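Subject: Structure for your review

Dear colleague,

Please find below the structure I am handing over to you, together with its sequence. My findings follow it.

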Amino acid sequence: MEYNNLIIEQNGAVAVLTINRPKALNALNADTLMELSSVLDELEKNSSVKVVIITGSGEKAFVAGADIAQMKELKVLEGRRFAQLGQATFRKLELLSQPVIAAVNGFALGGGCELAMACDIRLASETAKFGQPEVTLGITAGFAGTQRLPRLVGAGRASELLFTGDIIDAQEAYRIGLVNHVYPLETLIEEALKLANRIAGRAPAAVQLSKSAIQRGKNIDIDSGQAYEAEVFGLTFSTIDQKEGCSAFLERRKPDFKGC
């Protein structure tokens, strides 16, 4: 399918999804969110895609936020529906079977920071900026920023960012654990592809079940999480790739995973 606000390209087992509204610094309006939701449905069904990278077009912005021009005149119920659309779309992203890497190439503010936080792994360029500046506009974070940010960096740091609306640079985001790695802008996508291809080279079922266990474990107690982990661990023994992986280790050779 062709999209007005997104570009989707497949590079082997890796799909690169680009938010493509450069004149608006890739701001998220309702149409873009609905397109993103549709793309995620397609990716979920595409077994040839093992890893997804999300980035923004241009060098200034990953996603500069939700579209303020669209939000300015919203009424109460319209605002709630807009938040619910963003939340549902990002939750679909978070629960996508394939691992998702955010390649944050510039401003990741408001909805852009929330989009990055819904990904499994975040890589940032040295020029990237992060923040939840909604309070400076008289609103709150609406796409689950108040929920994911404390889970990632702790309640204290999240509260400071959410209450002040302050914007932080890539190194500070790395220091507080919001991003995994920081790279020069010119090598960001190259590094994201390297990581994506390393993940794509592992046993697909094991990677997807690991993601499932991580996502499930976020919201349950440790005993329930361990029980679920034991279930997915057991499931891997039904795969051909488990036999191949163990055999390759014992035979001191590289495994040839088939994805089954």
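Helix 1 and helix 3 are roughly parallel to each other, because the angle at which they pack, about 25°, falls under the limit of 35 degrees for that description. Please note that this is a predicted model. Helix 1 covers residues 30–45 and helix 3 covers residues 76–94, and their axes lie 10 Å apart. The crossing of helix 1 past helix 3 is left-handed.

On the side of helix 1, the contact is formed by Ala30, Leu33, Met34, Leu36, Ser37, Leu40 and Asp41. Helix 3 contributes Phe82, Leu85, Gly86, Thr89, Phe90, Lys92 and Leu93. Of the residues in this contact, nine are nonpolar, three are polar and two are charged.

Ala144 is not a glycine, yet its phi is positive, at about 80°. Ala144 is found in the loop that runs between strand 8 (129–131) and helix 5 (145–153). Is Ala144 buried or exposed? With a relative accessible area of 14%, Ala144 is buried, since the cut-off for that term is under 20%.

Arg252, likewise a residue other than glycine, has a positive phi near 55°. Arg252 belongs to the segment after helix 11 (240–250). The relative accessible area of Arg252 is 81%, and Arg252 therefore counts as exposed, the cut-off being over 50%.

With kind regards

Terms used:
Residues are numbered from 1 along each chain as its sequence is written. This is a predicted model: local features need pLDDT of at least 70, side-chain atom pairs count only at pLDDT 80 or more; totals for chains, interfaces and linings use all residues. Side-chain values use heavy atoms; hydrogens and water are left out. Helices (H or I, at least four residues) and strands (E, at least two) are DSSP runs, numbered from the N terminus. Buried means under 20% relative accessible area, exposed over 50%, partly exposed in between (1.4 Å probe, protein chains only). Axes are lines fitted to C-alpha atoms, for helices over the stretch in contact, and angles run from 0 to 180 degrees between N-to-C directions. Angles under 35 degrees count as roughly parallel, over 145 as roughly antiparallel, 65 to 115 as roughly perpendicular and the rest as oblique. A crossing is left-handed if the near helix is turned anticlockwise from the far one by less than a right angle, and right-handed if clockwise. Contact means heavy atoms within 4.5 Å. Ala, Val, Leu, Ile, Met, Phe, Trp, Tyr, Cys and Pro count as nonpolar, Asp, Glu, Lys and Arg as charged, and the others, Gly among them, as polar.
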